[in-house]
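User: I'd like to go through this model with you, starting with the overall picture and then moving to single residues. Could you show it first?

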Amino acid sequence: MVGFIIWAVVGCFFIGEGIFSFFAKKATGFWANSKMFEVNDVKKYNHAMGKLWCFFGIVFIALGVPMLDGQNSPSGLISAIGAILEVIVLIIIYTQVIEKKYRKR
């Protein structure tokens, strides 16, 4: 139970990041410690980032549900492997959809 609570708190952090992105005045970055590219429409870019982070957080929390089966349950692997795959999909969506659409050329 404690593991799921911690997992859900982390998921709520990502949802909070999405809400922050919705209301940000400057373009919110995706990669840590890297220079942000120029964005052609900051408001639409931030809304896309907000949706991405909120959806990521909700799916992340849902992936943690198998942790409620108990300690040392093999269903915990669903959470771990699912989270890895979710991060890969997150990166692909950001680089192939959002960044391509909103990068100023």
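**Overall picture and details**

Analyst: Of the 105 residues in the protein, 35% are buried, where buried means under 20% relative accessible area, exposed means over 50%, and partly exposed lies in between, with a 1.4 Å probe and protein chains only. This is a predicted model, in which local features need pLDDT of at least 70 and side-chain atom pairs count only at pLDDT 80 or more, while totals for chains, interfaces and linings use all residues. Residues are numbered from 1 along each chain as its sequence is written, and side-chain values use heavy atoms, with hydrogens and water left out.

User: How many helices and strands are there?

Analyst: The protein has 3 helices and 0 strands, and along the sequence the pattern reads α-α-α. Helices (H or I, at least four residues) and strands (E, at least two) are DSSP runs, numbered from the N terminus.

User: Among contacts between residues at least 6 apart in sequence, what share joins residues at least 24 apart?

Analyst: That share is 70% in the protein, with a contact meaning heavy atoms within 4.5 Å.

User: On to the rings, then. How many aromatic pairs are there?

Analyst: The count comes to 13 aromatic pairs. Rings of Phe, Tyr and Trp (its six-membered ring) pair if their centres lie within 6.5 Å, and planes under 30 degrees apart count as stacked, over 60 as edge-to-face and the rest as tilted. With ring centres 4.8 Å apart and planes at 90°, Phe30 and Trp31 form an edge-to-face pair.

User: Where do Trp53 and Phe56 sit?

Analyst: They are both in helix 2 (residues 42-63), and because they are 3 residues apart there, about one helical turn separates them. Trp53 and Phe56 are both buried.

User: Which residues form the aromatic cluster?

Analyst: One aromatic cluster is formed by Trp7, Phe13, Phe14, Phe30, Trp31, Trp53, Phe56, Phe60 and Tyr94.

User: Tell me about Phe60, then: which residues does Phe60 touch?

Analyst: Leaving aside residues up to four places away in sequence, Phe60 touches Trp7, Val10, Gly11, Ala83 and Glu86. Phe60 is placed in helix 2, and its 10% relative accessibility is why it counts as buried. Between Phe60 and Ile15, which are 45 residues apart in sequence, the C-alpha to C-alpha distance is 9.8 Å.

User: Switching to the serines: what does the side chain of Ser79 reach?

Analyst: The side chain of Ser79 reaches the backbone oxygen of Leu63 at 2.6 Å. Such a polar contact is a pair of N or O atoms within 3.5 Å; within protein, one must be able to donate a hydrogen and the other to accept it, and residues adjacent in sequence count only if both atoms are side-chain atoms. Ser79 belongs to helix 3 (residues 76-102) and counts as buried at 1% relative accessibility. Not counting residues up to four places away in sequence, Ser79 touches Trp7, Leu63, Gly64, Pro66 and Met67.

User: And where does Ser75 lie?

Analyst: Ser75 lies in the loop between helix 2 and helix 3, and at 15% relative accessibility Ser75 counts as buried. Its side chain reaches the backbone oxygen of Pro66 at 3.2 Å and makes a polar contact with the side chain of Asp69 at 2.7 Å.

User: Last one: is Glu38 buried or exposed?

Analyst: Glu38 counts as exposed, at 55% relative accessibility, and its place is in the loop between helix 1 and helix 2. Glu38 touches Tyr102, Arg103 and Lys104, not counting residues up to four places away in sequence, and the C-alpha atoms of Glu38 and Arg105, which are 67 residues apart along the chain, are separated by 8.4 Å.
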